[in-house]
Amino acid sequence: MADTQQVDPKADAKAERTAAKLARQISAFAKAHGGAEGQVAYIGERGARIVLVGEDGGWGDLVAPSTPIAERAVREAGITVHESFDGPFAAKVRTGPYEWKRMAGIQLGG
């Protein structure tokens, strides 16, 4: 017998809509920050995290329900995608007073 996979058209359509929505959000971020690059990271059952870094150093993230949906979204948005969040890519992130205060609070138990 041949292995066959059942394809659920409703699930496929939902995944398409989710990827398209994420792609619009990524594109809006890129437009607001003079362009953007990203990285997709698997975060377990919750799905995948899309980390975005703008050309101006601004950063943010989105969570997709799965890695394939995240990868489709970044592809549709047309941004450069990195394999890992390190080196020159990570160095582009610019943190402000809020982040420094938050990081210090975590270190001090706050």
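Let's start with a pair you can find quickly in the viewer: Arg-72 and Glu-76 form a salt bridge, with their closest N and O atoms 3.1 Å apart. The term salt bridge stands here for a side-chain nitrogen of Lys or Arg within 4 Å of a carboxyl oxygen of Asp or Glu. Both partners sit in helix α2 (residues 67-77), four residues apart, which is about one turn of the helix. Arg-72 counts as partly exposed at 31% relative accessibility, and Glu-76 counts as partly exposed at 42%. (Buried means under 20% relative accessible area, exposed over 50%, and partly exposed in between, with a 1.4 Å probe and protein chains only.)

Before going on, a word about the model. It is predicted, so local features need pLDDT of at least 70 and side-chain atom pairs count only at pLDDT 80 or more, while totals for chains, interfaces and linings use all residues. Residues are numbered from 1 along each chain as its sequence is written, and side-chain values use heavy atoms, with hydrogens and water left out.

## The overall layout

The chain has four helices and four strands, and from the N terminus on they run α-β-β-β-α-β-α-α. Helices (H or I, at least four residues) and strands (E, at least two) are DSSP runs, numbered from the N terminus.

Of the 110 residues of the chain, 29% count as buried. The chain exposes about 7,800 Å², of which carbon and sulfur atoms supply 54%; these areas come from the Shrake-Rupley method with a 1.4 Å probe, and for residues only the protein chains shown count as cover. Among contacts with a separation of 6 or more, 55% join residues 24 or more positions apart, where contact means heavy atoms within 4.5 Å.

In soluble globular proteins, nonpolar side chains tend to be buried together. Here the largest nonpolar core has 19 residues, and those with the most contacts inside it are Ile-26, Ile-50, Leu-52 and Ile-79. Helix α1 (9-32), strands β1, β2 and β3, and helix α2 each supply at least two residues of this core, with α1 giving the most, six residues. A nonpolar core is a set of buried Ala, Val, Leu, Ile, Met, Phe, Trp, Tyr and Cys residues joined through side-chain atoms within 4.5 Å.

Leaving out residues up to four places away in sequence, Leu-52 touches Ile-26, Phe-29, Glu-37, Gly-38, Gly-58, Trp-59, Gly-60, Leu-62 and Ile-79.

Glu-37 is buried, with a relative accessible area of 10%. Its side chain makes a polar contact of 2.3 Å with that of His-82 and another of 2.2 Å with that of Lys-92. (A polar contact is a pair of N or O atoms within 3.5 Å; within protein, one must be able to donate a hydrogen and the other to accept it, and residues adjacent in sequence count only if both atoms are side-chain atoms.)

Glu-37 and Lys-92 also form a salt bridge, the closest N and O atoms being 2.2 Å apart. This pair links distant parts of the chain, 55 residues apart: Glu-37 is in strand β1, and Lys-92 is in the loop between α3 (87-91) and α4 (97-107). Lys-92 is partly exposed, with a relative accessible area of 31%.

The structure holds three salt bridges. Still to be described is the one in which the side chains of Asp-61 and Arg-49 meet (2.6 Å, N to O). Asp-61 lies in strand β3 (residues 59-64) and Arg-49 in strand β2 (residues 48-54), so the pair ties together parts that are 12 residues apart in sequence. Asp-61 counts as partly exposed at 37% relative accessibility, and Arg-49 is partly exposed at 33%.

## An aromatic pair

The structure holds one aromatic pair. The ring centres of Phe-85 and Phe-89 are 5.2 Å apart and the planes stand at 80°, so the pair is edge-to-face. Rings of Phe, Tyr and Trp (its six-membered ring) pair if their centres lie within 6.5 Å; planes under 30 degrees apart count as stacked, over 60 as edge-to-face and the rest as tilted. Phe-85 counts as partly exposed at 37% relative accessibility, whereas Phe-89 is buried at 3%. Phe-89 is also among the residues in contact with Glu-37.
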